[in-house]
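Here are my notes on the model. Please read them next to the coordinates.

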Amino acid sequence: MLHADVLILGAGPAGATAALNLAGECRVLLVDRHAEPLPRIGESLPPAARRLLTDMGLWEEFLAQGHAPCFGNRSLWNGLAAEQDFLRDPDGHGWHLDRARFESWLRDKARERGAALRAPATLGSVDACADGWRLVLETPHGPLQAQARILIDGGGRASTLAKKLGARRNRQDRLVCGWLYGEERGAENHDGLSHIEASAQGWWYSAALPGQRRVLALHTDADLPGARLLRRGGWLDAAARAMPGLGPVLRNAGFRAAGEVRIAAAHSSQLQPGCGPGWLAVGDAALSFDPLSAQGLFNALYTGLAAAETCSRALRGAPQAMRDYRQQLVSIADAYRQHLDFWYAQETRWADAPFWQRRQRRSAHALLAASSLSG
Ligand SMILES: Cc1cc2nc3c(=O)[nH]c(=O)nc-3n(C[C@H](O)[C@H](O)[C@H](O)COP(=O)(O)OP(=O)(O)OC[C@H]3O[C@@H](n4cnc5c(N)ncnc54)[C@H](O)[C@@H]3O)c2cc1C
């Protein structure tokens, strides 16, 4: 039997952050289905992450990791070219991460600070008991019994643990992302910018990554024709090159696609409730964001840190701790929705295209709801 004060399912950015911030104070068991983080899209880290990394005592070490600086976002949205320059940001520039390296490093920090890591392992069953929770973990060597006072779901969009405890996910759209990696061989590679461009079927994204690599992605809805095109060999690369903004970026960077297009869920969704007696959810398990916000990793670090503080208070017997955490999640969800609706409402060129119609309708409803509340 493994004994922990806090058991965290999922050693992604959110789960590992919760673990490394709790490890000095209590017994932490971190569990993940993968022995090592997998390569995956999601590399833009906004400048404000500096404050969180500093608060966690990780900033200097993060700098030594060699991630690529991101100096701003260049967008072609509603026919207008715009640049958001991070030089004017009080937190400095952002980052294009080597995502697998970043995640391995967070796991290592959790272990260094005293957390135990079990990977690969998944959740078999979970039951409430007098002093918390009893779990069965499935491992390649057979089932393992575990006991913990508090559980954290850091398992990403699937939120497997919270769903077993009765929570439900509220999905707000059907956004998916088709993406591929490639090499950069041109003279103008590593421009240090995130490129975003709207098109009738959705929006495009590309960024240079550490190690002469680049990521290219299209976001559209799962039920629209664009999502089917993503599965057609060579289509993503060719369609991106025909875009007025992205085409020249790819050509100047000497971009050469390498490997197959991968498709990932990218919809907005919210776990309801985001915490309960003796458990809480962090990162995507609590709130998953449309990548247009570029706030998923920040939210993972933020909620990971907030959950660690919540557990620490709850273990010391503070009855208000979980309620305060739930209120924090509500505030994050409200701010996120307002910003996202605002950005989609700015693109008005394709009033007949389902992708944009859906988002315009949503923004209009949100505006109406806000004005009736304030009236
Ligand atoms: C297409 C796309 C692009 C994105 N781009 C960006 C971006 O540029 N910038 C940004 O900030 N964010 C981006 N995001 C969002 C960002 O990737 C997520 O918000 C972030 O990964 C959330 O971290 P997490 O730890 O909550 O979840 P995850 O990263 O999903 O980690 C969950 C962990 O739990 C483990 N796990 C899951 N289920 C189980 C189980 N049953 N048992 C054991 N282990 C389990 C997984 O193996 C994984 O390690 C993007 C997302 C998508 C879909």
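How many bridges join strand 11 to strand 20?

1. Three bridges do so, and the two strands run parallel. Strand 20 covers residues 279-281. Within this pair, Ile 152 has Leu 280 as its bridge partner. Strands are DSSP runs of E with at least two residues, helices are runs of H or I with at least four, and both are numbered from the N terminus. Two strands pair if DSSP finds at least two bridges between them.

2. Two points on the source. This is a predicted model, in which local features need pLDDT of at least 70 and side-chain atom pairs count only at pLDDT 80 or more, while totals for chains, interfaces and linings use all residues. Residues are numbered from 1 along each chain as its sequence is written.

3. Strand 11 (residues 142-153) also runs parallel to strand 1 (residues 2-9), with seven bridges. There, Ala 4 is partnered with Ala 148. Strand 10 (residues 132-139) pairs with strand 11 in the antiparallel sense, again over seven bridges. Leu 137 stands opposite Leu 144. A hairpin of two residues connects strand 10 to strand 11.

4. The largest nonpolar core has 67 residues. Such a core is a set of buried Ala, Val, Leu, Ile, Met, Phe, Trp, Tyr and Cys residues joined through C-beta atoms within 7 Å. Buried means that 20 or more other C-beta atoms, placed from the backbone, lie within 10 Å of the residue's own. Val 6, Leu 7, Ile 8, Ala 19, Val 28 and Leu 30 touch the most other members. Helix 9 is the top contributor, giving eleven residues. A second, separate core has 31 residues, including Phe 255 and Leu 340.

5. Ile 8 deserves a look. Leaving out residues up to four places away in sequence, Ile 8 touches Gly 15, Ala 18, Ala 19, Val 28, Leu 30, Val 31, Ile 152 and Gly 154. Contact here means C-beta atoms, placed from the backbone, within 7 Å.

6. Now the ligand. Around it lie 35 residues, and Gly 10, Gly 12, Gly 156, Gly 283 and Gly 296 come nearest. Being near requires a C-beta atom, placed from the backbone, within 6 Å. Helix 9 supplies the largest share of this shell, four residues.

7. Last, the domains. Domain 1 takes in 2-43, 98-171 and 268-332, and domain 2 spans 175-265. The bounds come from an automatic or database domain assignment. Their centres, taken over C-alpha atoms, are 31 Å apart.

How values were computed: Buried ≥ 20, exposed ≤ 12 C-beta atoms within 10 Å, placed from the backbone. Contact = placed C-beta atoms within 7 Å.
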